Amino acid sequence: MGLRQSPFLRKGDRIGVISMASRLDKERYENGKLFIEQNWGLEIEEGQHLFAEHFNFAGTDEQRLSDLQAMLDNPEIKAIVAGRGGYGSSRIVDQIDWRGFQKQPKWLVGFSDITVMHQKIQSLGIQSIHGPMMVTLNNDAFSSDSLRAALFGEALSYTEKPHEFNRLGFAEGQIIGGNLCLLCHNVGSKSDLNFDGRILFIEDIDEYYYNIDRMMVQLKRAGKLDNLAGLLVGQFSNSRENGSYFGQDANEIIASHTAEFAYPLAFDFPIGHDKENRAIRCGELMELTVETNGVKLKTKE
């Protein structure tokens with residue numbers, strides 16, 4: 001069965017917006033805010049330090065922690081949406097008091113660096129949403145609507161094109177995942193997860209090919225790839241050589257490290273840092289079907 005679900009949203013609900021990682025671009029944020037208010041009928045409450053700056057961070061660790069804790073503890077806030085990702089969530093995740101959240105859980109939304117928070121919330125047995133953030137809501141209409149569907153409790157269903165590296169098969173299980181770098185960063189931490197029997201999805205941006213290889217080696221050495229139900233390979237945007245020729249691109253690297261396993265694989269799934277970024281309720285029980293004519297991922301009925 002899937003992890004515990006928070007109450008789904010209804011029109012008129014109030015959601016909180018905070019910055020957990022890097023500083024926020026106000027214009028892009030305002031576009032996202034307008035989109036939510038006009039299209040979803042939700043009210044937005046901004047964190048006190050939403051536009052704070054401290055080096056590259058959206059304020060000091062203490063400011064970002066204070067905003068997140070306030071939103072977690074406020075019973076009027078029904079969901080929390082990250083302004084953006086970047087870097088910084090891991091600096092505060094272990095200082096959060098999750099006790100109130102566990103009694104009255106709410107959806108937390110984001111991707112990239114927010115993977116740290118998703119992993120922590122899932123370690124508490126609760127679902128969260130990997131999907132568009134405030135600065136990316138207008139990137140792709142289908143992806144934005146997938147986030148609306150995830151928040152408002154609709155079944156999720158995605159049909160995607162085939163890929164030459166796909167491995168055919170069927171899998172069902174809790175879906176977990178996120179940014180590859182942050183998944184590796186979480187190994188051995190207080191919120192480390194067991195990947196066995198789960199559908200894993202991975203994505204990343206601006207990584208050298210050798211480093212993608214190193215991260216896949218890390219997951220493999222930690223036993224994270226051994227007993228998956230299935231694997232979705234999302235977008236590895238702007239991956240590149242570092243001056244010396246590695247010899248494989250991101251998809252080839254991942255295919256080589258998973259060749260010995262039998263579970264189904266699907267490549268170039270629209271999750272990640274490109275315009276298309278489908279929302280996923282992490283910890284939900286889903287079905288993955290990989291066939292010669294395409295890939296289907298859907299909420300298990």
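Which backbone oxygen does the side chain of T258 reach? The T258 side chain meets the backbone oxygen of I254 at 2.8 Å. This is a predicted model: local features need pLDDT of at least 70, side-chain atom pairs count only at pLDDT 80 or more, and totals for chains, interfaces and linings use all residues. Residues are numbered from 1 along each chain as its sequence is written, and side-chain values use heavy atoms, leaving out hydrogens and water.

**T258**
- T258 sits in the loop between α8 (250–257) and β10; helices (H or I, at least four residues) and strands (E, at least two) are DSSP runs, numbered from the N terminus.
- Beyond neighbours within four places in sequence, T258 contacts R167, M216, L225, L231, Y263 and L265; contact means heavy atoms within 4.5 Å.

**Nonpolar cores**
- A nonpolar core is a set of buried Ala, Val, Leu, Ile, Met, Phe, Trp, Tyr and Cys residues joined through side-chain atoms within 4.5 Å.
- The largest has 41 residues, of which L151, L232 and L297 touch the most other members.
- Helix α5 (residues 141–152) gives the most to this core, with 4 residues.
- Apart from it lies another core of 25 residues, among them L193, Y209, L219 and L265.

**Sheet**
- An open sheet of 7 strands runs in the order β6-β13-β12-β7-β8-β9-β10, with mixed pairing; two strands pair if DSSP finds at least two bridges between them.
- At the edges, β6 (157–160) and β10 (265–266) each pair on one side only.
- Strands β7 (residues 169–179) and β8 (residues 199–205) run parallel, joined by 5 bridges.
- I175 has I199 in β8 as its bridge partner.

Notes: Buried means under 20% relative accessible area, exposed over 50%, partly exposed in between (1.4 Å probe, protein chains only). A polar contact is a pair of N or O atoms within 3.5 Å; within protein, one must be able to donate a hydrogen and the other to accept it, and residues adjacent in sequence count only if both atoms are side-chain atoms.
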